[in-house]
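Here are my notes on this one, jotted down as I went through the model. Have a look at the picture, then read on.

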Amino acid sequence: MNTIKDTSVEREPEAIEALLPWHAAGTLNARDAARVEDALSRDPALARQYEAVREELAEAIHLNENLGAPS
């Protein structure tokens, strides 16, 4: 029988992955940021995914900054 703890451990990678955009934007609290950093240091695939998230965020910011003022 799965306990609540077992279920949360099984979903940990999904939970960390869901936090990547907020971590890239710097909006996570210290506890969650530490969880993400720990996971990134242990999982090269997650680190690559995080880098892609950071690149997408940078591109979105760049595009929005270059839209100009509304007419």
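**Notes on the model**

1. Start with His23: leaving out neighbours within four places in sequence, His23 is in contact with Leu28, Ala33, Val36, Glu37, Leu40 and Tyr50, where contact means heavy atoms within 4.5 Å. His23 sits in helix H2; helices here are DSSP runs (H or I, at least four residues), strands are E runs of at least two, and both are numbered from the N terminus. His23 counts as buried because its relative accessibility is 12%, and buried means under 20% relative accessible area, exposed over 50% and partly exposed in between (1.4 Å probe, protein chains only).

2. A word on what you're looking at. This is a predicted model, with residues numbered from 1 along each chain as its sequence is written. Local features need pLDDT of at least 70 and side-chain atom pairs count only at pLDDT 80 or more, while totals for chains, interfaces and linings use all residues, and side-chain values use heavy atoms, with hydrogens and water left out.

3. On confidence: pLDDT is the predictor's confidence in each residue, from 0 to 100. The protein averages 87, and 85% of the residues score at least 70.

4. The overall layout is quick to describe: 4 helices and 0 strands, running α-α-α-α from the N terminus. Of the 71 residues in the protein, 18% are buried. Among contacts with a separation of 6 or more, 39% join residues 24 or more positions apart.

5. Now the largest pocket, with a volume of about 170 Å³. A pocket here is an open set of points on a 1 Å grid over the protein atoms alone, where a 1.4 Å probe fits, with protein on both sides within 12 Å along at least five of seven lines; lining residues have an atom within 4 Å of a point. The volume is the space filled by probe spheres set on the points, which are joined across faces, edges and corners.

6. Which elements give two or more residues to that lining? They are helix H2 (12-25), helix H3 (30-42) and helix H4 (44-65), and H2 gives the most, with 5 residues. The lining includes Glu12, Ile16, Arg42 and Leu46.

7. Leu46 lies in helix H4 and is buried, with a relative accessible area of 9%. Not counting residues up to four places away in sequence, Leu46 touches Ile16, Glu17, Leu20, Ala39 and Leu40. Leu46 and Val36 are 10 residues apart in sequence and 9.6 Å apart in space, C-alpha to C-alpha.
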